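Here are my notes on this one, for you to read with the structure open. Tell me where you'd look next.

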Amino acid sequence: MKKAVIFDLDGTLADTIASIAWCGNRALARFGLPSFTEAEYKRFVGDGAAMLVRRALLAAGDGKLSRFDEVYQEYRDIFSRDCMYQVKPYEGIVPLLSELKKRGIRIAVLSNKPDADSRHVVEELFGKGYFDHVQGQAEGIPRKPDPAGVYRIMEAFGMRAEDFLYVGDSCVDMRTGKAAGLFTVGVLWGFRNRAELEENHADAVIARPEELLSFLDVRQEETGGTRI
């Protein structure tokens with residue numbers, strides 16, 4: 001039986017796209033650049049704040065990224081104040097987490113959102129200390145899909161790869177889990193679609209949070225193609 005679950009944050013535990021778009025558009029507007037829809041921001045996210053700003057600037061026509069430094073700093077300043085704008089857990093997430101804790105399953109968050117922001121969002125939504133470990137992007141830890149963050153959680157829990165499920169909504173998450181040798185579960189309520197998850201070798205794809213419970217007793221040798 002699995003002993004722990006690592007969750008992505010944005011698009012997996014929490015619906016954060018409104019806050020990301022709100023902060024991104026305000027930063028762009030500060031320099032006279034165009035705004036983008038939430039659907040467009042769903043394509044910008046996934047590889048950290050710096051990459052999000054780069055993608056937004058390229059979409060805005062700044063092909064040489066000449067405004068990157070100032071727009072990125074503005075985005076970080078705004079996001080540090082307003083990262084909770086309209087943020088909420090996805091439906092079914094709170095009951096899922098509660099059930100995992102009742103079963104003695106340890107839970108962790110691994111995000112490419114800056115570490116301080118990741119901790120702030122998680123604590124605001126679920127309470128301080130609710131998760132056993134929260135790891136955001138920090139100096140000295142390469143961002144996902146590098147598995148370094150997963151290894152840090154594995155070390156903190158004193159567990160092996162076969163003890164974990166890795167849950168996320170994007171290609172970045174599936175690559176991260178696979179790189180660390182974990183059973184990966186892609187979710188369909190987030191920012192990306194089934195095709196992206198399956199193309200990046202998700203071991204399972206689920207449409208509702210409660211479906212994750214059926215994978216707690218999956219064996220590691222079963223990885224490699226189970227889909228629901």
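Predicted model: local features only at pLDDT ≥ 70, side-chain atom pairs only at ≥ 80, totals over all residues.

1. Start with the packing. The largest nonpolar core holds 55 residues, and Phe 7 and Phe 131 have the most contacts inside it. Helix H1, residues 17-29, is the top contributor to this core, giving six residues. As background, nonpolar side chains in soluble globular proteins tend to be buried together.

2. Leaving out residues up to four places away in sequence, Phe 7 touches Phe 131, and its other partners include Leu 96, Leu 97, Leu 100, Val 167 and Leu 212. There is also a second, separate core of 14 residues, with Ala 4, Ala 108, Val 150 and Phe 164 among them.

3. Now the helix pair. The axes of H1 and helix H4 (residues 68-82) come within 8 Å and cross at roughly 140°. An angle over 145 degrees would count as roughly antiparallel, so H1 and H4 are classed as oblique to each other. Their crossing is right-handed.

4. Who makes that contact? On the H1 side, the residues include Ile 20, Trp 22, Arg 26 and Leu 28, while H4 brings Val 71, Tyr 75, Ile 78 and Phe 79, among others. By type, the residues of the H1 contact with H4 split into nine nonpolar, two polar and four charged.

5. Last, Met 51, which sits in helix H3, residues 49-59.

Notes: Residues numbered from 1 in each chain as written. Heavy atoms only, no water. Core = buried A, V, L, I, M, F, W, Y, C linked by side-chain atoms within 4.5 Å. Buried < 20%, exposed > 50% of the residue type's maximum accessible area, 1.4 Å probe, protein only. Helix = DSSP H or I, 4+ residues; strand = E, 2+ residues; numbered from the N terminus. Contact = heavy atoms within 4.5 Å. Axes fitted to C-alpha atoms, helices over the stretch in contact; angles between N-to-C directions. Parallel < 35°, antiparallel > 145°, perpendicular 65-115°, else oblique. Left-handed = near helix turned anticlockwise from the far one by under 90°. Nonpolar A, V, L, I, M, F, W, Y, C, P; charged D, E, K, R; others polar.
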